[in-house]
Amino acid sequence: MGQEIAQVKQILRQQMRAVLEELSQEERAESDQALAAQFLQHPKVAQAGTLLLYCGVGTEVDTRPILQALLDQGKRVCLPRCLPDHQMEARAITALEELQPDKYGIPAPGEGCPVVPREDLDLVLVPGLCFDSRGNRLGQGGGYYDRYLEDYDGISIGLCREEFFQVNLPREPLDVWVRYVLTEEGQVWPDLQER
């Protein structure tokens, strides 16, 4: 059963990546701008002092405007740095210039950026190819966030392009949920505590 779910997820990843590639730059930019606005207006973001975000690359949501806006607001902005064995840590930055490509080519904090303990994070922006109505996500397949967010009880948010929002994604036991999913139109479903 577990192997079947993993195979279904891999096929879904290929399908989602292919469709994402077909979006024009204009469509992507318009979507990114709307998603950034929804995120920055969310009350949980306003309440958060320390946030872990990611720097979107390729067909992912461009999060640089979000990162810059939060830095300008004086928030403590962290990004992930990949570690061996599919682990990661949060490191704080004070400017986007402190980001440098990691082994995957993803902009990440440099060695000189301070490590921030997971328990200090008020909110985590979790990447995903798509999300569903229960807060499940389809990530890139590395499991970094699933390991990092295991037992995390802070706020987690996923950004999902409206046309990629799913009703029900396949889920494995170690997959983590997000508490809020935002599309260009706003919050898709309320904070579901009982899962």
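Predicted model: local features only at pLDDT ≥ 70, side-chain atom pairs only at ≥ 80, totals over all residues.

1. V57, Y104 and I106 make up a nonpolar surface patch whose accessible area comes to about 230 Å² together. V57 sits in the loop between β1 and α4 (64-72), and its relative accessible area of 31% makes this residue partly exposed.

2. Eight strands make an open, mixed sheet, ordered β6-β3-β2-β1-β7-β10-β11-β12. The edges are β6 (115-116) and β12 (186-187); each has a single partner strand, so one side of each lacks a neighbour in the sheet.

3. Strand β1 (residues 50-52) runs parallel to β2 (residues 76-83), joined by three bridges, with L51 opposite V77. On β7, the bridge partner of L51 is L123; β1 and β7 are also parallel, over two bridges. From β7, four bridges lead on to β10, again in the parallel sense, and here L125 stands opposite I157.

4. Which residues of β7 are buried on its two faces? L123 and L125 are buried on one side of the strand (residues 123-126), and V124 and V126 on the other, so both faces are covered.

5. On to the charges: the whole structure holds seven salt bridges. One of them joins the side chains of E111 and R91, at 3.8 Å from N to O. E111 is in the loop between β5 (107-109) and β6, while R91 is in strand β3 (residues 87-93), so the contact ties together parts 20 residues apart in sequence. E111 is exposed at 56% relative accessibility, whereas R91 is buried at 9%. Both residues belong to a salt-bridge network that links R81, E89, R91 and E111.

6. Two further pairs deserve a glance. R134 and D132 meet through their side chains in a salt bridge at 3.8 Å, N to O; R134 is partly exposed, with 35% relative accessible area, but D132 is buried at 0%. The salt bridge between D146 and R137 has an N to O distance of 3.4 Å, and both of these residues are buried.

Methods:
Residues numbered from 1 in each chain as written. Heavy atoms only, no water. Pairing = 2+ DSSP bridges. Patch = residues over 30% accessible without salt bridge, like charges linked within 9 Å, V, L, I, M, F, W, Y side chains within 5 Å. Areas by Shrake-Rupley, 256 points an atom, 1.4 Å probe, with all protein chains shown as cover. Salt bridge = Lys/Arg side-chain N within 4 Å of Asp/Glu carboxyl O. Buried < 20%, exposed > 50% of the residue type's maximum accessible area, 1.4 Å probe, protein only.
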